Structure formats: C-alpha cells, structure tokens
Amino acid sequence: MNESANEASGMPVFEQIERLSRIAAGEDKGRVFKIGDREFFVDSDGDLVDVHHQLELAARAYPSPFSTSTLQSLVAYVGENRDQLDLKSHVVHVVSPTEVVLQGPLDNLSRRASFLKAKWPSLSTSVGRWQDLEAFRVEILTGFQATETREALLEALGRVKASKSQQVADDGVSQRVSMDDGVDGYWQELPSPLELVPFRTFSEVDQPSSVYVLRVRKGDSGLEARLLIADGGSWGTEAVSRIGTWLEARLAEVADADEDLSLASLPAVLY
C-alpha cells in the first residue's frame, strides 16, 4: 500500500473510507485496502467496494438446494430438468455412503452451487456399546438385514437369554457362556466373528456387509453384549462405489428413454 494509504490507516473508519475513496480516484484502481478486519477494493469506476459485502451478496445469489432422502429423486430431477440447467456442465458428487449432491460448474469465485442434496436418514444404533441382551437383540433385529448369520446369532442369544448364565469363557477370539437349564449344565458357543449386513446407505443399492466381532460380558444386571466392526472402514468405499455405479446406470436409462438426450449431455458421476 502506498504512503497515502498508510496514513489513512490511523484515522477513524469513516474518515479512512473517505480518504481511500479519494486515493482510488487517482492511481489506486484495483488495489485492496484493509480497514480493521474488513477488506475493500477499488473497482473500475474508482468506487471503494466492501469485499465481504460483495461475497455475502454472491452467496445469497445461490438458491438453497432441494433436500431429499432417495437416489431416485435425484435421477428424476435430472431427467425432468424443470430448472433448465445446462446439465453437461454439472456433476453428481457421491460425497459419502449417506450423501449425494448435484452441483453446478465453478463460478468466478471458484465455488459450486448445489441444486439437490440426497441424504439418507441414518439409523441410530448402539451395537458398538454394551447393552443388556434384550436391547441388543432388538438392535440386531431392526438394524440388520435378515441373513443366515443374523438368524444364527439371534438363536444363540435367545438360548442364553432363556437360561441362567453362570460364567463367560473367552479365548481371545470366540466366547462361550456356561448355562444351567435346571437339569444339566452346558456351554453355549457364541458365533464370532460374523459377517452381517447392517442398513447404512441408500435403499436403492445393495447394502455392503461387514465383519463384526461379538463380545459378551457379565454386567451388574446380567449378561451384556456388543458388536465391534472389523473391516477397517472398507464398507464405506464399497457403498460409495455401488451408489456411483447405480447412478450411472440410471442416468444411462434416462438418456436412452429421451431421444433429445445423450449420456454426454447429462451430469458426470463423481465417486
């Protein structure tokens, strides 16, 4: 900043703005000046413009995106294109296993407008925390797809619940619970590790499975159980890939169904 501008920095804010405006009328067009915690620039007409205010105006120029909970709604929005978007310059971004966003091209501030956001309503789960067996069984019933492994787990837990537990034997991998059925004692083997299929992403795609380790312990009011995921997060990568593949296939169907459309005229899918 030149000497005149530096002199302005010690004045009250309004005097600084007036002084900088006079400077701008001379040789300082296009320069940026900082006053307090705000920045100003001189436009082509020699006027002093508040940078922050201009950014706020630009941000308000973008509409709020539509919010949905399904992938099909995004495909329908693209296929109908009621807002007359230049779809080939847009992108469908698979952000995560639970979020997909239709975004526009970069503007002159290197930002993208979002037009539709599909967000899967994640189910709350407590399977990673210790729970009494009844609550744990309910979680397994409501939060996981029915598979042979799930049914075997529920059956084993049901036998434990129906009897008086004595102690838990643990070899570091599998566990057994000693039972007393009123006549003879026996050990109930608990299946672990297990491959289960929880509900964790959009219903339009196949839910990825994960390997879990089942742990059981004696709590203050009886046996408690929890599941620990043991796949290193690979299920998330697989879910994103399945969402992206599904969207590409559905958008291709949209292009095939409309002679005025081609796959090249529709948004690319980023995943």
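This is a predicted model: local features need pLDDT of at least 70, side-chain atom pairs count only at pLDDT 80 or more; totals for chains, interfaces and linings use all residues.
I take buried to mean under 20% relative accessible area, exposed over 50%, and partly exposed in between (1.4 Å probe, protein chains only). Residues are numbered from 1 along each chain as its sequence is written, and side-chain values use heavy atoms, with hydrogens and water left out.

Entry 1. I looked up the salt bridges (a side-chain nitrogen of Lys or Arg within 4 Å of a carboxyl oxygen of Asp or Glu). The structure contains eight.

Entry 2. I turned to Lys 117, which is partly exposed at 30% relative accessible area. Its side chain forms a salt bridge with that of Glu 99, at 3.8 Å from N to O. Lys 117 belongs to strand β7 (residues 112-119) and Glu 99 to strand β6 (residues 99-106), so the pair ties together parts 18 residues apart in sequence. I took strands (E, at least two residues) and helices (H or I, at least four) as DSSP runs, numbered from the N terminus. Glu 99 is buried, at 16%. I also noted a network of salt bridges that links Glu 99, Lys 117 and Lys 119.

Entry 3. In helix α7 (residues 234-257), I found Arg 242 and Glu 238 four residues apart, a separation of about one helical turn. They form a salt bridge, with the closest N and O atoms 2.8 Å apart. Arg 242 is partly exposed at 29%, and Glu 238 is partly exposed at 35%.

Entry 4. I recorded a salt bridge between the side chains of Asp 86 and Lys 88, at 2.9 Å from N to O. Asp 86 is partly exposed at 40%, whereas Lys 88 is exposed at 57%.
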